[in-house]
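Subject: Handing over a structure

Hello,

Here is the structure I promised to pass on. Please open it first, then read my notes below.

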Amino acid sequence: MGSWTRPTCKCCISKAVQPLVALELTEDINMETKQWLMTRIQAEKIVGGAELMVHPGEDDDGDMLLVSASQHVLLRAAEVLGLYKLYKDGSMISFSYRDSRNFQNSDNINEFLTLAERQFIILHTLENIKAVDEKCIPGYPSETLYPGETICKLSVLAEAWVKTYHSEHDGCWACALYLPSILHTLYVTGMNSLYKVVAEVLTEWENHRLESSFQNHLTIKVLVIINQLIETLVPYLYQTLKGKGAGLKKKTMENAPEIDKIKLQGQMPSFPGMFDEYMELFVQFGYVSLFSCIYPLTAILIVVNNVTEIRTDAMKLCHLFRKPFITPAANIGAWQTAFEMIGFLSVITNCFLISISPQVEEYCAENNITSKNALIWTVGIEHALLTIKIILAFIIPDVPQWVKLKIERVEYQSLQALKHKVKYELTKVSKN
């Protein structure tokens, strides 16, 4: 078994190196290609490399590469990515490598940068390794490389697909890529229908005297119990059935236990992403806001569901799926518009639901208010509430003034750091 390549900075040489990212190459990878990848990963950036440390895996001729990084490389990359860190005065500002001594815990890389941040830095660095003067991939002369083309195309988490030769059936395989999405849509639709039927059957067996009691218990099952089953039990059973072979394999393996753990994690299913999580919150927000006047207990049930889901989601991320790379985002994107639309619709639906409630109908009958007048009053109140909502949205800023000042300060400091960096590089070039 090979060893780790030496870091470019001599002061970062250490006996123990923690693997941060594992690259799983194609099974029939050419050893010339693997060696070329290792060379490009460890080479200095001035010659088109990434300045990372790389390990050939359990076997020098295997299909795995382990990647790590020295402390100085991680700190410089943190500055390039603009990661916000705690300054000595307790404020969160964009990290500056020149001013690293004034940041809290900057001398301990494991405390200064989280594991997820270190892995993201390596992912970003690997994805920015570009072809320089290579005309083709070494070992695959039929695969052309163009200057500036990314040589590593990384999937979610610790798995890489290295560009290799494919047969003339690429078009068929491209069509097959849509098959998992179609099957997942059918699976979700079918399982949702099944869960609803099960919840209704269980509630029927309870033999409730009142219809309102029946609906309340049905809601509890759908929102809390059934939701937790689909969120946790199904992935757990899938992983349990699939992981029996992996468990036996883990017991029989004796060489390189650290690499064995990485391989076992690589066999776990990839994290499906955040779309379902956002959709779940969107549906919950719709339950609470659109129909809160009909069933106020919904808000309490959703709070209970979300509190328990904190632990179930943690179990999924830690034990049922491969650890995903973090994905920085400035906001929640189109979901923000969707939630705002639900907010507007909730004003309309609650006004009209209240207007047709028995209490309001009884009040109108006692005061000789016709249905037409009641409708006019409902529309008027609904318009007034929407107007108030819009006015408040304009009056209350999305970003407080003190936060704006902090952001402007950070941007100014980042600009000054960039000027110093450019000046330093120009001075270094002129001396050479």
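Axes here are lines fitted to C-alpha atoms, for helices over the stretch in contact, with angles running from 0 to 180 degrees between N-to-C directions. On the α2 side, L74, A77, A78 and L81 meet R118, F120, I121 and H124 of α4 (contact means heavy atoms within 4.5 Å). By class, this contact has 6 nonpolar, 1 polar and 1 charged residues. Ala, Val, Leu, Ile, Met, Phe, Trp, Tyr, Cys and Pro count as nonpolar, Asp, Glu, Lys and Arg as charged, and the others, Gly among them, as polar.

A word on the source. This is a predicted model, in which local features need pLDDT of at least 70, side-chain atom pairs count only at pLDDT 80 or more, and totals for chains, interfaces and linings use all residues. Residues are numbered from 1 along each chain as its sequence is written, and side-chain values use heavy atoms, with hydrogens and water left out.

The overall picture

The protein chain has 14 helices and 9 strands. These are DSSP runs numbered from the N terminus: helices are H or I with at least four residues, strands E with at least two. Of its 432 residues, 33% count as buried. Buried means under 20% relative accessible area, exposed over 50%, and partly exposed in between (1.4 Å probe, protein chains only). Among contacts with a separation of 6 or more, 67% join residues 24 or more positions apart.

The cores

How many residues does the largest nonpolar core have? It has 41. A nonpolar core is a set of buried Ala, Val, Leu, Ile, Met, Phe, Trp, Tyr and Cys residues joined through side-chain atoms within 4.5 Å. The residues with the most contacts inside the largest core are L23, I41, L52, L65, L113 and I122. β1 (21-24), α1 (31-42), β3 (64-68), α2 (71-81), α3 (109-112) and α4 (115-127) each supply at least two residues of this core. I122 touches L20, V21, L52, V67, S68 and A69, leaving out residues up to four places away in sequence. There is also a second, separate core of 5 residues, including A22, M64, L66 and I259.

Two pairs that involve α11

First, α9 with α11. The axes of α9 (residues 275-290) and α11 (residues 334-355) come within 8 Å and cross at roughly 20°. That makes α9 roughly parallel to α11. By class, their contact has 13 nonpolar, 6 polar and no charged residues. Among the α9 residues in it are F275, Y278 and M279. W335, A338 and F339 are among those of α11.

Then α11 with α13. Here the axes come within 10 Å and cross at roughly 155°. That makes α11 roughly antiparallel to α13. The contact includes G343, F344 and V347 of α11, and L375, T378 and V379 of α13. It has 11 nonpolar, 3 polar and 2 charged residues by class.

Two backbone angles

N105 has a phi near 65°, a positive value in a residue other than glycine. N105 lies in the loop between β5 (92-94) and α3. It counts as partly exposed, at 40% relative accessibility. N368 has a positive phi too, near 55°. N368 sits in the loop between α12 (358-366) and α13 (371-395). At 68% relative accessibility, N368 counts as exposed.

Best wishes

How values were computed. Parallel < 35°, antiparallel > 145°, perpendicular 65-115°, else oblique.
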